[in-house]
Amino acid sequence: MTGKKAQLSVDGLSETIELPVYEGTTGPDVVDVRSLVSRDLFTFDPGFMSTASCESKITYIDGDKGILLYRGYPIEQLAEKSDYLECCYLLLNGELPNPKQKSEFVNAIRYHTMVHEQINHFFNGFPRHAHPMAIMVGVVGALSAFYHDSLIINDEDHRKIAALRLIAKMPTLAAMTYKYSIGHPFMYPRNDLSFSENFLHMMFGTPCEDYVPSPVLADAMDKIFLLHADHEQNASTSTVRLAGSTGANPYACISSGITALWGPAHGGANEAVLKMLFEIGDAKNIDKYIKKAKDKDDPFRLMGFGHRVYKNFDPRAKVLRAACQNVLKELGKEDDPLLKIAMQLEKIALEDEYFVERNLYPNVDFYSGIILKAIGIPVNLFTVIFATGRTPGWVAHWHEMISNPFKIGRPRQLYTGPTYRDYPTK
Ligand code: SDX
């Protein structure tokens with residue numbers, strides 16, 4: 001902490017209020033406003049644009065410079081040199097694993113990828129055409145019914161086994177939502193495959209023949225999971241923290257994160273980007289959609305553009321843009337019409353004053369959908385992929401909060417409704 005102070009003078013208050021100012025290892029200082037409630041004052045910050053909800057050591061974003069660090073390591077270097085499970089370990093434990101720690105962690109995840117057989121029956125309650133996110137919200141929350149041995153949140157061992165189970169089972173459940181929608185039998189995970197190879201096997205394998213996952217697609221999948229693994233206090237992570245602050249079990253908390261992620265302004269944007277590119281259909285229609293995006297009377301927004309924090313390129317979008325071109329080239333799809341429209345859209349938007357003035361750059365969702373489509377993932381499963389990748393981040397934040405002193409999250413309000421009035425006498 002810095003010893004720095006902020007002075008707040010409020011009309012009608014006799015004395016100036018002195019508030020402590022804290023400095024992080026990097027990023028903006030924060031003003032501690034907790035004492036205001038004792039002076040019958042609240043801060044007002046709908047959307048939490050200027051609010052630090054917690055102290056954290058996990059992920060740092062510099063929106064102006066387009067920097068994203070997982071425990072201090074830049075996302076570009078992790079995307080190039082690390083892999084998804086190593087990043088899961090890093091986010092959960094704060095340091096990169098040594099070879100022994102990594103092998104133990106990979107094995108621990110491997111041996112938790114199966115789900116209880118009763119979960120299969122849970123799926124049968126859904127219509128085959130249910131949106132996969134609707135199933136994930138239900139099934140992940142329902143996991144708590146199967147793991148009463150790991151629900152004491154103040155027990156570190158319970159927290160650890162819940163973390164492993166959630167990270168390990170998300171790809172299995174994700175693939176199950178796809179198989180269920182096409183009437184195929186569920187594929188059991190295989191212990192001889194890597195995390196991402198296993199996911200592709202459970203998605204596209206069948207009991208009728210051996211399925212050999214393509215190393216190119218497995219690498220692209222691993223990069224997608226890695227790039228989505230965490231992103232500090234975004235809406236879904238804040239939801240997980242809020243749910244966790246009530247003492248809810250970890251499976252319920254992660255289910256609440258999945259729910260929040262589903263919105264098209266958040267993780268649902270990757271699905272919305274693809275739908276938008278399909279709707280644009282041809283580069284000649286781009287100007288019409290740019291106009292719609294700028295029209296205040298039109299609810300249409302350019303999906304995959306803009307970000308609450310990044311006022312520069314989302315570094316993940318840059319990595320995905322390059323990966324996109326490589327994957328499509330490897331698959332002989334470099335002439336993919338959607339990629340062409342996306343690149344043209346990006347070029348035009350980045351030159352348009354409306355977008356430049358508002359610092360609206362492509363974000364993580366702009367390119368991820370094109371890669372996922374090239375891999376063969378159905379569009380309505382894109383946000384499920386995002387949720388699968390984000391699970392270690394959600395769990396790391398939940399664990400960080402629970403393993404330190406915390407209070408239940410309970411914001412106040414600016415009330416502008418009717419004041420006290422008696423019920424009318426008949
Ligand atoms: C994710 O928070 C995270 O970290 C999220 C995430 C993560 O990893 O967890 O990074 C993942 O959610 C990425 C964002 C995905 N969403 C989209 O791509 C949907 C399209 N983008 C927007 O809806 C919007 O940009 C947000 C929601 C992402 C950010 O909204 P803000 O910060 O609340 O900004 P705003 O809505 O106040 O917009 C500021 C201005 C407005 O115009 P003015 O009123 O100033 O004239 O920019 C305009 C907005 O109308 N604007 C857009 C736009 N985004 C903002 N105009 C057209 N198209 C857009 N995409």
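Okay, before anything else, one term: when I say polar contact, I mean a pair of N or O atoms within 3.5 Å. Keep that in mind, and remember that what you're looking at is a predicted model.

Let's start with the ligand. There are 24 residues around it, and the closest are His231, Gly304, His307, Arg316 and Arg390. What sort of residues make up that shell? They split into ten nonpolar, seven polar and seven charged.

Take His266: an N or O atom in its side chain sits 2.9 Å from an oxygen atom of the ligand. With Ala265, it's a polar backbone atom that comes in, 2.9 Å from a nitrogen atom of the ligand. Phe305 also uses a polar backbone atom, again 2.9 Å from a ligand nitrogen. And how much of the ligand does the protein cover? On its own the ligand has 1100 Å² of accessible area, and the protein covers 77% of that.

Okay, over to a pair of helices. H14 runs over residues 337-351 and H16 over residues 364-375. Their axes come within 10 Å and cross at roughly 170 degrees. Anything over 145 degrees counts as roughly antiparallel, so that's how H14 and H16 lie relative to each other.

Which residues do the touching? From H14 you've got Leu338, Leu339, Ala342, Met343, Leu345 and Glu346, and they meet Phe366, Tyr367, Ile370 and Lys373 in H16. Sort that contact by class and you get eight nonpolar residues, two charged and no polar ones.

That's my tour, thanks, everyone.

Conventions:
Residues are numbered from 1 along each chain as its sequence is written. This is a predicted model: local features need pLDDT of at least 70, side-chain atom pairs count only at pLDDT 80 or more; totals for chains, interfaces and linings use all residues. Side-chain values use heavy atoms; hydrogens and water are left out. A residue is near a molecule or strand if one of its heavy atoms lies within 4 Å of it. A polar contact is a pair of N or O atoms within 3.5 Å; within protein, one must be able to donate a hydrogen and the other to accept it, and residues adjacent in sequence count only if both atoms are side-chain atoms. Accessible areas come from the Shrake-Rupley method with a 1.4 Å probe; for residues, only the protein chains shown count as cover. Ala, Val, Leu, Ile, Met, Phe, Trp, Tyr, Cys and Pro count as nonpolar, Asp, Glu, Lys and Arg as charged, and the others, Gly among them, as polar. Axes are lines fitted to C-alpha atoms, for helices over the stretch in contact, and angles run from 0 to 180 degrees between N-to-C directions. Helices (H or I, at least four residues) and strands (E, at least two) are DSSP runs, numbered from the N terminus. Angles under 35 degrees count as roughly parallel, over 145 as roughly antiparallel, 65 to 115 as roughly perpendicular and the rest as oblique. Contact means heavy atoms within 4.5 Å.
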